[in-house]
Amino acid sequence: MNAERRPKAKVVGQDSDKQKAARSRRMHILGRLSFISLFIILIAAGIVFMAVNNTIINAAEWNKKGTRSLNDTVLIKPLRGDILASDGCILATNLNYFNLRIDFKAKRFMIREYHAAIDSLADSLAFYFPRRTREGWKEYLSAPLKKERKDRSSAFMLLKEIPDDAVQRVKNFPYFKRSNNANRTGLVRERVLKRKYPYGEMATLSIGRVGEVGLRDVRGISGLERALDSLLYGVPGKAKKVLFTDRVANWTIQQPRDGYTVTTTIDITMQDILEYELGNMLLTTEAEWGTAMIMDVETGDIKAISNLERDTVPGSGRYIEAMNRAVLAYEPGSVVKTISMVVALEDGFAFPLDREFNIEPKGVGFRYCGGRPINDTHSPATLPVSRFLEYSSNIGMAKLMTSHFENDPNAFRERLRQLGFFDRFNTGMARERTPYFPTIANNKGGRIALSRMVFGYSTMIPPLYTCAIYNAIANDGKFVRPRLVKALRAPGGVDSVIPVTYVRDSICSRKNARLLRDMLHEVVWGQGGTAKALKNDIVRIAGKTGTCRIMAEAKPSDKNDSTKKAEDNRPKIGGYLDGHYRLAFCGFFPFENPKYTGFVMVSDPSPAYKGAATTAGTVLKNVALKLYSRGMLDNKSDLNDEEPTDSRPTLYASNDGNRHNILGSGLHMPGGTVITAPQPSDPGLVPDVRGLGIREAVVTLEKAGFNVKFSGIGYVETQSPAPRSRAPRGSKVTITLKQD
């Protein structure tokens, strides 16, 4: 027992080692605390130093910078004004669109949920936004996840420039509908103001377009958008930065003033009719391009204007809005004879109108001053002055005008200048040019040039100017200035009506204007008229045809070297291409009380179409008839006063006569009318499906080898390309359906 209670022996040095270890730990901890304390003291000292430096030592400098920053002004962009048609329909306006972005750096971004929803999200996006396939969307949405979080985008573009209803749809897509909190889904909506044109390509070149200039500043770049940009753009406002309790924000010091709303003279219905008729004629004749315009006789308002050109895409077979050729200058052909006759009547040397001139036969011609002989195509041996326009006599017009101006050939140009023919109209259309009549010398060469100028060669006249002169003749000689803008509306709602103005009060007396209208009437209705194809008993048209060879122009031989030029390889006669013409017609209607003046030019149609009346003139004739049918020529329909000749309805159209029998027996309506459209035998021509139901129309076109696109319900009202026009197999035929 005594041995067990004996205390253990003490290990020498054991307590001293533990004490040393404890002291070492204490010293290490104290060292770290000292270092941290020193670091904190240094930071505090730095903060104190910077505070003293900024608030006391350099206070003046920092106050100066702060004041300068707060005094900086920021421009506030105004809202661009609208462009309206004559009846108030919107041709150009501003609409809110949105960019949708994903912020992958959002604080609470649901990365796992996003990754799990990619497949279903790609399905939804591919269905509603098929700009990518499902696999394409899946790859696009997955791409940001392949990067480290710090490298992911905070503004990943999901969808660009979509309307608000599409934004609401996207918010209900898988993943995004989990939360409305952008910090969780990362979905950010960015508003974008876009310039939109509800009528699409209609009158594109006249209305114009906008584009970004400088720092995302939207300004007009063509047409009225450019010509009236200063009015449409408005006046920017100003804002400066203001220091609030918790932030610095912009404070408006000058409100922006929005742009004016511009009311144009364009009539939507007339524009639609003109574009359709011009396009249909170009398709039929396979022409290079065409331009057409309609002007109000009394006011000079341009009610419709169209410029169509063959699409450069191979095999498209369509015509698109392109260069505004209505304001560019071309050799006018015989339409200028009317302008020469204005001078002859006003100066008196055209009288007496029954004075006859000898017309040399074709092949002999009229040789003037040793120049090449001038020929007529179908004039009789003698012609009175009153019938020069009817027969479009080059010889008669040359003899009449040169006999008066041969002592001073340049005097003819001077007379046109006095009429205001070279004054700039300033209609608002971009690239507007004035007529070109070269100054000619008082010598043999000048006299030869004069003999050509008076009937439409050696000159360059924009269609706009030719139309304006004919409009003056229809308007009893009053030379009203063409205009495309008739009113401006200030942002506050105050209208400023732009008055009708005149280039000259008159280009001729009322008596001479009446004589000219009678001469132009005979061009259509006279025995030797060159536009007899335009006769109709509904709307009487008066006007003048014009045919002009197309000048041979040098063209680049190498696209990579614009300095190299080579002659056009098509056959030529003198300075003109053999067999290639521009066909024009300018006139007014109705003849008894002219309401509208029109000009149409068709360039380089296929050789089968050589007549200006059957091409350009027919466009104007069809426009006139359609305006009449819509009661737009101050005519009143008397259909309600007539007893119907057949009360049986037209129920359908079909190329299958059996369907008529089935319908009659099934519905007990044996009197229903059947419309049939004989189809062309040439397989290269487009079948006529107008009036057919959708099923039969599609079958007919597809059997002929065409693809079909349709819109609307009911029966086929219109089709493009035009019926019986030539189009390559496999091309698209667009049909529009209508239901009465």
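A salt bridge is a side-chain nitrogen of Lys or Arg within 4 Å of a carboxyl oxygen of Asp or Glu. In this predicted model, local features need pLDDT of at least 70, side-chain atom pairs count only at pLDDT 80 or more, and totals for chains, interfaces and linings use all residues. Residues are numbered from 1 along each chain as its sequence is written, and side-chain values use heavy atoms, without hydrogens and water.

The whole structure holds 27 salt bridges. Arg415 pairs with Asp347, with the closest N and O atoms 2.9 Å apart. This pair links distant parts of the chain: Arg415 lies in helix H14 and Asp347 in helix H11 (residues 336-347), 68 residues apart. Helices (H or I, at least four residues) and strands (E, at least two) are DSSP runs, numbered from the N terminus. Arg415 is buried, at 15% relative accessible area, whereas Asp347 is partly exposed, at 30%. Buried means under 20% relative accessible area, exposed over 50%, and partly exposed in between (1.4 Å probe, protein chains only).

Glu277 and Lys626 also form a salt bridge (2.7 Å, N to O). Glu277 sits in helix H10 (residues 268-285) and Lys626 in helix H18 (residues 613-629), 349 residues apart. Glu277 is buried, at 6%; Lys626 is partly exposed, at 25%. A salt-bridge network links Arg80, Arg195, Arg219, Glu225 and Asp229.

Phe425 occupies the loop between helix H14 (410-419) and helix H15 (444-453). Phe425 is buried, at 1% relative accessibility. Beyond its neighbours within four places in sequence, Phe425 has contacts that include Leu464, Tyr465, Phe479 and Pro482. Contact means heavy atoms within 4.5 Å. Phe425 and Pro482 are 57 residues apart in sequence, but 6.7 Å apart in space, C-alpha to C-alpha.

Three strands form an open sheet of mixed pairing, in the order S28-S30-S29. Strands S28 (707-711) and S29 (715-720) stand at the edges with a single partner each, so one side of each lacks a neighbour in the sheet. Two strands pair if DSSP finds at least two bridges between them. S28 and S30 (residues 732-738) run parallel and are joined by five bridges. Lys709 has Thr734 in S30 as its bridge partner. Helix H20 (residues 694-703) lies across S28, S29 and S30, at about 165° to S30. Axes are lines fitted to C-alpha atoms, for helices over the stretch in contact, and angles run from 0 to 180 degrees between N-to-C directions.
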